[in-house]
Amino acid sequence: MRKLHLLALAGTIACASANSGTPDPVGAPGTAQDRNVITQEEIQTISSTNLYELIEKVRPNMLRSRGATSFSSAGQEFPLVYVDGRPYGDLASLKSLIANQVSRVRYYDAPAAAAKFGMINAPGVIDVTIRQ
């Protein structure tokens, strides 16, 4: 019985020491990337004239229709665009933004967008942060 306890303890210690508690830097080999965020490093590596084109190349799912948000009203099917936390327009407005001037793009699904930006009649928000 004692050997079983020692074996269980050794297994626990091995599992606990496998993760040192410090997260791997973003972009390091073998690290998971947030599919809802496009970082400045990614933006700089992709050649594109506008932000819509860049998102289409890197995260096309951000631009896809999520369907109507309500049966009773004519809601949006596509995410709204916010720039620096303020309403900016629909997806077509991304074509007016120069990709090299953007530091980060983040997609919020409907519940997360409602929590961050208030009640919106859209299936999500693409929040663009402009470089300072």
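Colleague: How many salt bridges does a search of the whole structure find?
Modeller: A search of the whole structure, which is a predicted model, finds three salt bridges.

Colleague: Which residue pairs with aspartate 34?
Modeller: Aspartate 34 forms a salt bridge with arginine 106, and their closest N and O atoms are 3.5 Å apart. This pair links distant parts of the chain, since aspartate 34 sits in the loop between α1 (2-18) and β1 (37-38) while arginine 106 belongs to strand β4 (residues 102-109), 72 residues apart.

Colleague: And what does arginine 59 bridge to?
Modeller: Arginine 59 forms a salt bridge with glutamate 42, with the closest N and O atoms 3.0 Å apart. Arginine 59 lies in the loop between α3 and β2 (80-83) and glutamate 42 in helix α2, so the pair ties together parts that are 17 residues apart in sequence.

Colleague: Is arginine 59 buried or exposed, and why?
Modeller: Arginine 59 counts as buried because its relative accessibility is 12%, which is under the 20% cut-off. Glutamate 42 counts as buried as well, at 15% relative accessibility.

Colleague: Where is the pair glutamate 53 and lysine 57?
Modeller: Glutamate 53 and lysine 57 are both in helix α3, and because they are four residues apart, about one helical turn separates them. The closest N and O atoms of their salt bridge are 3.7 Å apart.

Colleague: Changing topic, what does the side chain of asparagine 50 reach?
Modeller: The side chain of asparagine 50 reaches the backbone nitrogen of glutamate 53 at 2.8 Å. Asparagine 50 itself is placed in the loop between α2 (40-45) and α3 (51-58).

Colleague: Which residues does asparagine 50 touch, not counting those up to four places away in sequence?
Modeller: Leaving those neighbours out, asparagine 50 touches Leu94, Lys95, Leu97 and Ala99.

Key. Residues numbered from 1 in each chain as written. Predicted model: local features only at pLDDT ≥ 70, side-chain atom pairs only at ≥ 80, totals over all residues. Heavy atoms only, no water. Helix = DSSP H or I, 4+ residues; strand = E, 2+ residues; numbered from the N terminus. Polar contact = N/O pair within 3.5 Å; in protein donor to acceptor, adjacent residues only side chain to side chain. Contact = heavy atoms within 4.5 Å. Salt bridge = Lys/Arg side-chain N within 4 Å of Asp/Glu carboxyl O. Buried < 20%, exposed > 50% of the residue type's maximum accessible area, 1.4 Å probe, protein only.
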